[in-house]
Amino acid sequence: MSEALRLTDLSKSFAVGKRLFGPPKAMVHAVQPLNLTVTTGETLGIVGESGCGKSTLAKMLVGLLPPSTGQIEIEGAVLDNADPALFGKRIQYVFQDPISSLNPRKTIRQIMEVPLRRLHQMDKATRAARIHEIFAAVNLREEFLDRYPHEFSGGQAQRIGIARALAAQARILILDEPVSALDVSVQAQVLNLLADLKETFGLTYLFISHDLAVVEAVSDRIAVLYFGAIVEVGSAREIFANARHPYTALLAASAPEVGRPIVAPETAATELPDPLSPPLGCAFNERCGFATDRCRAEKPALTTDETGRAFACFNPLSKER
Ligand SMILES: Nc1ncnc2c1ncn2[C@@H]1O[C@H](COP(=O)(O)OP(=O)(O)O)[C@@H](O)[C@H]1O
Ligand SMILES: [Mg+2]
């Protein structure tokens, strides 16, 4: 099986409190060096609380943010900014907020034409034919093409956002909370559409969400992100039912219902650690009932067990509970 994505030691830090002279006051490590591969045709879910680094990761993958360290390979080619068009044809980003991600001053036709012209140098007739084809695939009426983004509902706007990503003919879509801004009834329609499109066009998805039930329903595999680091990776069928990392177990326990986003239970330490003074050891140690001195002093590395489950924990939960 071929690889759609390979991330090696990929990290991103932001300088905060920049001064005119001298170094910045502090660095926020939004994404800690991480390693991950996504197989062609797979849907990899990325789940984690707000602020854990999901969007930062996603934006690096499409070249919207330069990484601080590491490497991104897309279908075997190392992502660099030398040829944005080359990567635009391979990987595209679908934004969380569908309406504000579309240029308000452009008609839908103008928005749809940009990738066709820029990435594929299509002439007018070819562009029209291609837009016709994509609009049929995402169940949008062609009369919408002459309207402006604000005239659409959230669900329609997200279909347009997806259509724009497909216009680039990218085979990999980075879906950053694609249904989080939509009503629950509309969420299901968009999720079904994404499933159909995946089948029709043979797409690979990286599906980001803070909604456990959504991620579980759409993914083949899931990576759990905490404080900028992957704490566990496993099959969607297994990972929550049989969590090895205590944080994964906490997520599973805190989101039992469909459509319910992650809410941390009322415990003493429910907040993410302070990004400006990150804990020395495991970032989860203050919220963890199993933490030992070692967890407070040393960061556990992500290691894969004999079943293929990967987790970063010195005291993992037992396999069958
Ligand atoms: N441009 C930026 N400058 C400084 N800090 C940032 C910037 N973008 C994101 N961050 C910080 O990085 C962390 C991860 O943010 P983000 O990737 O948006 O998380 P998520 O998408 O999971 O909610 C947060 O602590 C956030 O405040
Ligand atoms: Mg985000």
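Author: Happy to. One place to begin is R90, which is found in the loop between α2 (84-88) and β6. Keep in mind that this is a predicted model.

Reader: Okay, R90 then. Is it buried or exposed?

Author: R90 is buried: its relative accessible area is 17%, and the cut-off for buried is under 20%.

Reader: What does the side chain of R90 reach?

Author: It reaches the backbone oxygen of I74, at 3.0 Å.

Reader: And which residues is R90 in contact with, leaving aside its neighbours within four places in sequence?

Author: Those are I74, E75, A77, A170, R171 and I172.

Reader: How do I class F95 and S101: buried or partly exposed?

Author: F95 is partly exposed, with a relative accessible area of 29%. S101 is buried, because its relative accessible area is 17% and buried means under 20%.

Reader: Which residues do they touch, not counting those up to four places away in sequence?

Author: S101 touches F95 and R164. F95 is in contact with S101 and R164, along with L64, Q158, D176 and P178.

Reader: What separates F95 from E306?

Author: Their C-alpha atoms are separated by 36 Å, and the two residues are 211 residues apart along the chain.

Reader: Changing topic: the ligand. Which residues are around ligand 1?

Author: The residues around it are F14, V16, A30, E49, S50, G51, C52, G53, K54, S55 and T56. By class, that shell has four nonpolar, five polar and two charged residues.

Reader: Which backbone atoms come up against its oxygen atoms?

Author: A backbone N or O atom of G51 lies 2.7 Å from an oxygen atom of ligand 1. For K54, a polar backbone atom is 2.9 Å from a ligand oxygen, and a backbone N or O atom of S55 is also 2.9 Å from an oxygen of the ligand.

Reader: How much of the ligand does the protein cover?

Author: The protein covers 61% of the 560 Å² of accessible area that ligand 1 has on its own.

Reader: And which elements give two or more residues to that shell?

Author: Those are β1 (3-16) and α1 (54-61). Helix α1 gives the most, with three residues.

Reader: Last topic, the inside. How many residues are in the largest nonpolar core?

Author: It has 55 residues, and M112, F135, I162 and V224 have the most contacts inside it. The largest share of this core, seven residues, comes from helix α5 (residues 154-167).

Reader: What does F135 touch, not counting residues up to four places away in sequence?

Author: F135 touches I108, M112, L140, R141, E142, F144, L145 and A163.

Reader: Which residues belong to the other core?

Author: That core lies apart from the largest one and has 31 residues, among them I46, L57, F87 and L225.

Terms used. Residues are numbered from 1 along each chain as its sequence is written. Chains are lettered from A and ligands numbered from 1 in the order in which they are written. This is a predicted model: local features need pLDDT of at least 70, side-chain atom pairs count only at pLDDT 80 or more; totals for chains, interfaces and linings use all residues. Side-chain values use heavy atoms; hydrogens and water are left out. A residue is near a molecule or strand if one of its heavy atoms lies within 4 Å of it. A polar contact is a pair of N or O atoms within 3.5 Å; within protein, one must be able to donate a hydrogen and the other to accept it, and residues adjacent in sequence count only if both atoms are side-chain atoms. Accessible areas come from the Shrake-Rupley method with a 1.4 Å probe; for residues, only the protein chains shown count as cover. Helices (H or I, at least four residues) and strands (E, at least two) are DSSP runs, numbered from the N terminus. Ala, Val, Leu, Ile, Met, Phe, Trp, Tyr, Cys and Pro count as nonpolar, Asp, Glu, Lys and Arg as charged, and the others, Gly among them, as polar. A nonpolar core is a set of buried Ala, Val, Leu, Ile, Met, Phe, Trp, Tyr and Cys residues joined through side-chain atoms within 4.5 Å. Buried means under 20% relative accessible area, exposed over 50%, partly exposed in between (1.4 Å probe, protein chains only). Contact means heavy atoms within 4.5 Å.
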